[in-house]
Amino acid sequence: MSYRVQFTGPAGTTAVEAAVRLARIAAGRERIVHLSGSYHGMTRDSIGVSGLGAPRGVPPATRGVTTVPHELEQPSAGRASEELERAFTAPGSTPPAAFIVETVQGEGGVRPTTTTRLREIERLCRAHGTLLVVDDIQAGCGRTGPFLSFEADGVEPDVVCLSKSLSGVGLPMGLVLIRPSLDVWDPGEYSGTFRGNNLAFVTARLALSEWWSDGALRQSVSQRSEPLVQGLTAIAARHDWLAPPTGRGLMLGLPCADRHVADLVSTLAFTQGLLVETCGRRGEVVKLLPPLTVTKAEVALQILEHVTDQVAGSRPVGSTLPAAT
Ligand SMILES: Cc1ncc(COP(=O)(O)O)c(C=O)c1O
């Protein structure tokens, strides 16, 4: 790859902050466009460009940010394209500095952005001199199969944010990949004491050479994903308060009727030795992020099958699945 690498600090949110600031400097514009339901971190600019809403005590960023509804929230593909186009061409506004996007929204409910949509975003970015920033912090590092989640989508982002699994063993590490012509930082302009975590550099280097020197892990992620998707589909078919699984690779979501049942699934699973989080705009999705090397995925399925039966036995009659988001 021809990207420059910038070590931004050990958290994902620091990578996003750097990407947003660089985009604004490089483009000489302020506005950032994002999709509803996106999540980019907990520091000020990252919250500002997140589409999940500002957390308690943080005023929402109303300046310089435009939200485009995620395609799953649109009644038709045509309407989704219109909304997207409008974010670039709204009368009286200069085009945006950057469009920031997750290929699969993690915290937003394991919602993939389709290849068509990603290409449409890229086309509009190119047409309007807008930087395409892919936040691959959750979906990258093999989580959805390829090392970079967009490899199969045929798009070439200007900036890529990476963190989370990058060190290979759960050590804090964050970075941005920058198209060289956009590396407009002055020396030391974005510096800090802990920009690199030495131990994480060593393990990340090893993880890359051990697992990513060939296509084996990528292939095994899709092989391991298949039975999980099948198992989750079968579980969802047993209950009217579950929808079919969403996601890609080993980043999967099981949408529930509401956050209460999703919480119950997660809590009961925990008591039986399985860690599953909840996510989604209303906290209604159970999220599965197993290790990429998981060998006993069927154990998780057995636990989930048992737990969802338990939840079904304890649910009040009448709470069924709302329209999917
Ligand atoms: C897509 C995405 N971007 C950014 C972040 C923020 O990363 P961190 O929690 O390391 O600050 C997260 C965390 O969940 C994320 O999923």
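Predicted model: local features only at pLDDT ≥ 70, side-chain atom pairs only at ≥ 80, totals over all residues.

What follows is a walk around the ligand and the parts of the chain that go with it.

Modeller: Let's begin with the ligand. Which residues are around it? They are A11, G12, T13, Y39, H40, G41, E102, D135, I137, Q138 and K164. If you sort that shell by class, you get three nonpolar, five polar and three charged residues.

Some of these residues come with a distance to a particular ligand atom. T13 uses its backbone: an N or O atom there lies 2.9 Å from an oxygen atom of the ligand. With D135 we're looking at the side chain, where a polar atom sits 2.6 Å from a nitrogen atom of the ligand. K164 also brings in its side chain, with an N or O atom 2.9 Å from an oxygen atom of the ligand. How much of the ligand does the protein cover? On its own, the ligand has 390 Å² of accessible area, and the protein covers 83% of that.

Let's stay with K164 for a bit. You'll find K164 in the loop between β8 and β9, the latter being residues 175-178. Is K164 buried, exposed or partly exposed? Its relative accessible area is 47%, so K164 counts as partly exposed. Most residues other than glycine have a negative phi. For K164, though, phi is near 40 degrees, a positive value in a residue that isn't glycine.

C141 does something along those lines too: phi is positive, about 55 degrees, although C141 is not a glycine. C141 belongs to the loop between β7 (131-135) and β8 (159-162). With a relative accessibility of 6%, which is under the 20% cut-off, C141 counts as buried.

That loop between β7 and β8 also holds D136. How accessible is D136? The value is 0% relative accessibility, so D136 counts as buried. Leaving out residues up to four places away in sequence, D136 touches T103, F147, L148, S149, F150, V160, C161 and L162. For a sense of distance, take G106: D136 and G106 are 30 residues apart along the chain, and their C-alpha atoms are separated by 10.0 Å.

L162 turned up in that list of contacts, so let's go there next. L162 is in strand β8. It is buried, with a relative accessible area of 3%. Again leaving out residues up to four places away, L162 touches A15, D136, I137, C141, F147, L148, M173, G174, L175 and L177. Notice C141 and D136 among them, and I137, which is also one of the residues around the ligand.

E83 is part of helix α3, residues 77-89. At 18% relative accessibility, under the 20% cut-off, E83 counts as buried. Not counting residues up to four places away in sequence, E83 touches V68, P69 and Q74. K296 is in the loop between β13 (285-288) and α8 (297-314). Its relative accessibility is 57%, so K296 counts as exposed. K296 and R224 are 72 residues apart along the chain, with 9.6 Å between their C-alpha atoms.

Now zoom out to the whole chain. There are eight helices and 13 strands. The radius of gyration is 20 Å, close to the 20 Å that the globule rule gives for 325 residues, so the chain is as compact as a globular protein of that length. Along the principal axes, the C-alpha atoms fill a box of roughly 60 × 50 × 40 Å. Of the 325 residues, 49% are buried. Take the contacts with a separation of 6 or more: residues 24 or more positions apart account for 73% of them.

Methods:
Residues numbered from 1 in each chain as written. Heavy atoms only, no water. Helix = DSSP H or I, 4+ residues; strand = E, 2+ residues; numbered from the N terminus. Buried < 20%, exposed > 50% of the residue type's maximum accessible area, 1.4 Å probe, protein only. Contact = heavy atoms within 4.5 Å. Near = heavy atom within 4 Å. Polar contact = N/O pair within 3.5 Å; in protein donor to acceptor, adjacent residues only side chain to side chain. Areas by Shrake-Rupley, 256 points an atom, 1.4 Å probe, with all protein chains shown as cover. Nonpolar A, V, L, I, M, F, W, Y, C, P; charged D, E, K, R; others polar. Rg over C-alpha atoms; globule rule 2.2 N^0.38 Å.
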